Structures are given as structure tokens and as C-alpha cells.
Amino acid sequence: MNKDEASGNWKQFKGKFKEKWGKLTDDDFTVIEGKRDQLVGKIQERYGGKDQAEKEVKDWETTNKDYRW
């Protein structure tokens, strides 16, 4: 996957992330910018619990297999 593909995927899935994790801000998504570990960290900050954040992201990945990090 090249940089343009990654950018396109990120824009597409950013909206889905916003639906699931509404407490994340546009600034959060700027920091995350397609990085899985950053997403888990921001979910942990906003919702609490590292293990729970990791589980939620893993569950999201399972149901959204078209998204590639």
C-alpha cells in the first residue's frame, strides 16, 4: 500500500471511528493519523482502560476487515 492509499483509507475509516468513539475529537484524529497504537491510546484517554481500548480496536478490526493499517 502506498501513501496515497493509506491516506484514502484513513479518510474513509475516520468517519467510522467517529461513529464508534464519539468522544474523540478532530485533533485526536490528526494525532492518530492512521496509527493503530495512537488510536488505542486516545481511546484509553477518553474512555479509560488500556485492555478495554485494545479489545475494542481489535473487535472493530474484526468487523472491518477491509481496513488495513
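Glu33 is partly exposed, at 42% relative accessible area; that class lies between buried (under 20%) and exposed (over 50%), with a 1.4 Å probe and protein chains only. Glu33 sits in the loop between helix H2 (26-32) and helix H3 (36-47). Helices here are DSSP runs of H or I with at least four residues, numbered from the N terminus. The phi of Glu33 is near 35 degrees, a positive value in a residue other than glycine.

This is a predicted model: local features need pLDDT of at least 70, side-chain atom pairs count only at pLDDT 80 or more, and totals for chains, interfaces and linings use all residues. Residues are numbered from 1 along each chain as its sequence is written, and side-chain values use heavy atoms, without hydrogens or water.

Now the aromatic rings. The structure holds three aromatic pairs. Rings of Phe, Tyr and Trp (its six-membered ring) pair if their centres lie within 6.5 Å; planes under 30 degrees apart are stacked, over 60 edge-to-face, the rest tilted. Two of the pairs are tabulated here.

| Pair | Centre to centre | Angle between planes | Class |
|---|---|---|---|
| Phe13 and Trp60 | 5.6 Å | 85 degrees | edge-to-face |
| Phe17 and Trp60 | 4.5 Å | 45 degrees | tilted |

Phe13 lies in helix H1 (residues 3-20) and Trp60 in helix H4 (residues 50-63), so their pair ties together parts 47 residues apart in sequence. Phe17 is in helix H1 too, so its pair with Trp60 in helix H4 ties together parts 43 residues apart in sequence.

Buried or exposed? Phe13 is buried at 4% relative accessibility. Trp60 is buried at 6%. Phe17 is buried at 0%. Phe13, Phe17, Trp21 and Trp60 form one aromatic cluster.

Technical notes: Helix = DSSP H or I, 4+ residues; strand = E, 2+ residues; numbered from the N terminus.
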